[in-house]
Amino acid sequence: MPDNGAAGTVIVISSHVIRGSVGNRAAVFALETLGHQVWALPTIVLPWHPGHGRSTRLTFAEADFDAAIDDLIRAPWVGEVKAVLSGYFGNAAQARSVARLVSALREKSPELLYVCDPVMGDLGGLYVPEATAKAIRDYLIPLASLATPNRYELAWMVGAALEDNTAVMEAALSLGPSRMLVTSAVAMMAGGTGNLYLSGRHALLAEHRVIDNAPNGLGDLLAAVFLSRLLSGMDDEKALQLATASVYEALARAVKRGSDELTLASDASSLSTPMAMVQMRRLIHPAQRRKS
C-alpha cells in the first residue's frame, strides 16, 4: 500500500449515511483502500439513502459549515492535501463555501486537483433545490480540474438534451473544466452503459453491460477511484479503464449477493485490483471533427 507521501491526502465533502455506501461512505472507503489519507467533511447526515424511504435529515447551520471551512483553510496540516472531492450538498451556501476552500488551497498549492461530482439529479430531474444546483454549476464547475456529472446533470447544466455522445462531448467542452467524465453516456454496445471521458487530447468511452437493480453510490465510487488513479500518475486511458472496472465489479458482486447497497467492505479487492472486463473505445474528439 502506498504511503501518504505517495498517494496524497484528499479532502472529501459530501453526504454521510449511517447505513449504506453512498456519498462520503463510498468515497472515503475507496480512497483509504487505495492508500490515501482522507479528511472527510459531511454536508448532511442521513440514516440511509433517500431511495430507501424517508428518514431524518440532520443538517448544519450555514454559519457553522462555513466556520469549519475556515478551520480547514488555516489547518497546520493543509500542506498535505493534494486533492479535494465534492459531491452532495445540503444547500447552496455549502457549495459557495467549498469554492472558497478550493480557491484558498490553490493559493498555497497551485497544483491542487479539484474533482467536482455535481450530485443534483438524474433521468427524473433535479433532486436538489434549483438554487443548490445553480451554485454547483456557477461556483464549483469553473474551479474543477475534473467534473464527473451523469449525462442528465450535464444536460441540465448546459440547458440542452444530450441524445448522443457527440452532443455530450460538445456540452462537456462548453462547460469549461479541462477534463470531464460523464457517466450514463450513450453506449455503443447492445445492452451496455458507458463512461465518456473528454480532455483536451482524449475522447474515450469505457463500456460494460447494464446491471439491473443497481444500488446507489456508483457515481460517488467512480469519482473517488478515478481521482485516486489520476493522483497516482496513471495515464488517463488506463485510469478510466481501471476505475470503470472497479465500479462495475463492485456493482456486480453486490447485486449477486442480493444486497440493496454496495458491499465495499467485502469487495476491497475490486477497488485495488479489478478483474472485470471493460470495453474501451476511442471516439472522434470534437476538435478533430471541426478541423476536418
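Predicted model: local features only at pLDDT ≥ 70, side-chain atom pairs only at ≥ 80, totals over all residues.
Residues are numbered from 1 along each chain as its sequence is written, and side-chain values use heavy atoms, leaving out hydrogens and water. Local features need pLDDT of at least 70, side-chain atom pairs count only at pLDDT 80 or more, and totals for chains, interfaces and linings use all residues.

**Stop 1: the cavity.** Select Val12, Ser14, Gly23, Asn24, Ala27, Leu85, Ser86, Gly87, Asp117, Asp220 and Ala223. These residues line the largest cavity. A cavity is a set of points on a 1 Å grid over the protein atoms alone where a 1.4 Å probe fits but cannot get out; lining residues have an atom within 4 Å of a point. The count is one cavity of 30 Å³ or more. The largest holds about 50 Å³, a volume being the space filled by probe spheres set on the points.

Now colour β1 (9-17), α2 (24-33), β3 (81-86) and α8 (218-231). Each gives at least two residues to that lining. Helices (H or I, at least four residues) and strands (E, at least two) are DSSP runs.

**Stop 2: Asp122.** Asp122 sits in strand β5 (residues 121-122). Leaving aside neighbours within four places in sequence, Asp122 contacts Tyr127, Asn150 and Tyr152 (heavy atoms within 4.5 Å). Finish on Gly124: its backbone nitrogen is 3.0 Å from a polar atom of the Asp122 side chain.

Key: 1 Å grid on protein atoms, 1.4 Å probe; cavity = no way out; pocket = protein on both sides within 12 Å on 5 of 7 lines; lining within 4 Å. Polar contact = N/O pair within 3.5 Å; in protein donor to acceptor, adjacent residues only side chain to side chain.
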